[in-house]
Amino acid sequence: MDNAPGRHHLFVPGPTNIPEQVIRAMNRNNEDYRAPAIPALTKTLLEDVKKIFKTSTGIPFLFPTTGTGAWESALTNTLSPGDRIVSFLIGQFSLLWIDQQQRLNFNVDVVESDWGQGANLDVLESKLASDRTHTIKAICIVHNETATGVTNNLAKVRKILDDYQHPALLIVDGVSSICALDFRMDEWGVDVAVTGSQKALSLPTGLGIVCAGPKAIEASKSAKSLRVFFDWNDYLKFYKLGTYWPYTPSIQLLYGLREALDLIFEEGLDNVILRHKRLGHATRLAVEAWGLKNCTQKEEWYSDTVTAVLVPPYIDAAEVVRRSWKRYNMSLGLGLNKVAGKVFRIGHLGNLNELQLLGCLAGVEMILNDVGYPVKLGSGVAAASAYFQNNIPMIPSRI
Ligand SMILES: Cc1ncc(COP(=O)(O)O)c(C=O)c1O
């Protein structure tokens with residue numbers, strides 16, 4: 001048994017806290033997915049999911065998979081083996097995606113930055129400038145690198161593509177951004193965007209959500225990559241028939257997604273984004289008050305969904321995470337790969353409020369003292385709560 005009293009403080013950057021309403025909505029028996037209720041439900045989901053991508057022309061696909069499967073779906077439906085793509089390596093998740101791109105036999109121009117920096121868009125610019133014959137077929141970029149807490153500027157990527165009138169597809173990993181950070185598929189000309197249910201949507205893992213714009217759908221008609229389970233065309237055939245599913249969906253996740261979207265729309269997507277801005281800002285204020293550094297090297301890349309906190313070299317950041325779990329019933333994120341032992345991560349995304357975050361920050365202060373980095377108890381909490389006091393709006397339904 002592994003019981004601890006009270007609520008567990010889940011502060012990893014996914015999987016995130018599932019709201020009670022969503023848990024209750026999913027607590028149901030299986031149903032026949034061919035009976036009319038499930039297609040009717042699916043129809044509403046496909047319409048409403050477009051809103052979180054901020055698209056009116058994109059077509060969403062709800063794959064029974066994770067973010068990794070959603071990546072594969074985005075790539076194999078739009079590209080052919082040997083196609084040249086430009087991909088930015090800035091942390092563990094972009095690294096894993098590049099590994100997938102290479103294993104799928106694309107010809108990847110890897111543009112590497114220090115972990116803690118954003119995508120090097122100067123290199124993108126020079127690559128596009130010299131690619132007069134348009135050999136580059138796609139730009140792949142992680143909007144929010146969850147390993148380092150770095151958010152890339154997608155509007156800038158679109159501008160560079162437009163400046164060079166380059167037709168490459170823009171394929172975006174929005175796994176730890178969509179529904180938490182400002183994301184505008186249509187406005188930024190994103191051709192394919194993907195996310196996973198266990199991040200900002202605050203659902204269990206198991207849905208890989210892919211949204212394909214018109215240019216990507218067109219590309220899928222001639223893309224030669226082998227695909228079966230993730231083939232958009234199979235879904236599109238069933239969309240036309242109004243039955244929606246080429247194979248069995250998770251009934252419970254569909255009801256969960258309905259409830260999750262309802263909660264998000266009730267709060268208002270823009271308010272959800274503002275809430276994440278507050279959570280991110282308050283976390284950074286606390287880190288500063290502790291005298292620690294953010295792994296993210298410049299303000300322009302600060303992430304409002306995850307903060308990777310650098311510890312001094314004489315501290316093992318993994319011990320912070322272990323201690324948190326063993327003594328304080330809290331989960332923090334480990335540093336991954338190149339930053340293992342050097343950072344611990346505070347995930348502040350999904351169904352989470354300001355007072356919950358203050359609990360986390362109070363816990364981190366005790367843990368830091370425990371592991372030998374002295375901080376004044378309450379210093380980070382004071383900085384964060386002073387900011388919250390001036391910035392938390394009234395709850396709209398309770399005014
Ligand atoms: C930015 C990003 N992309 C992709 C993934 C992979 O998603 P999954 O673990 O759901 O396959 C993750 C997982 O944390 C992620 O943070």
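The structure is a predicted model, in which local features need pLDDT of at least 70 and side-chain atom pairs count only at pLDDT 80 or more, whereas totals for chains, interfaces and linings use all residues. Residues are numbered from 1 along each chain as its sequence is written, and side-chain values use heavy atoms, with hydrogens and water left out.

The protein chain is divided into domain 1 (9–16 + 269–398) and domain 2 (20–265), with bounds that come from an automatic or database domain assignment. The C-alpha centres of the two domains lie 27 Å apart, and their contact (heavy atoms within 4.5 Å) takes 28 residues from domain 1 and 31 residues from domain 2.

Helices (H or I, at least four residues) and strands (E, at least two) are DSSP runs, numbered from the N terminus. Helix α10 comprises the 21 residues 269–289. Its expected span, taken as 1.5 Å times one less than its number of residues, is 30 Å, and the end C-alpha atoms are 30 Å apart, which agrees. After α10 comes Gly291, whose phi is positive, near 75 degrees.

Helix α10 packs with helix α12 (residues 354–370) at an angle of about 20 degrees, with their axes 10 Å apart; here axes are lines fitted to C-alpha atoms, for helices over the stretch in contact, and angles run from 0 to 180 degrees between N-to-C directions. The two helices are therefore roughly parallel, a term that covers angles under 35 degrees. Their crossing is right-handed, meaning that the near helix is turned clockwise from the far one by less than a right angle. On the α10 side the contact is made by Arg275, Arg278, Leu279, Ala282, Thr283 and Ala286, and on the α12 side by Glu354, Leu357 and Leu361. By class, this contact has five nonpolar, one polar and three charged residues, where Ala, Val, Leu, Ile, Met, Phe, Trp, Tyr, Cys and Pro count as nonpolar, Asp, Glu, Lys and Arg as charged, and the others, Gly among them, as polar.

With helix α13 (residues 379–391), the axis of α10 comes within 7 Å and crosses at roughly 150 degrees, and this crossing is right-handed. The residues in contact include Lys277, His281 and Leu285 of α10 and Ala383, Tyr387 and Phe388 of α13, and the contact has nine nonpolar, four polar and two charged residues.

Elsewhere in the chain, a cis peptide bond joins Gly14 and Pro15, with omega about 0 degrees, and Pro15 is placed in the loop between β1 (9–11) and α1 (20–26). His134, in the loop between α5 (121–130) and β5 (136–142), has a positive phi near 55 degrees although the residue is other than glycine. Leu263 belongs to helix α9 (residues 251–267); Leu263 and Pro19 are 244 residues apart in sequence and 9.2 Å apart in space, C-alpha to C-alpha. Leaving aside residues up to four places away in sequence, Leu263 touches Pro19, Gln21 and Val22.

Note on methods
Parallel < 35°, antiparallel > 145°, perpendicular 65-115°, else oblique.
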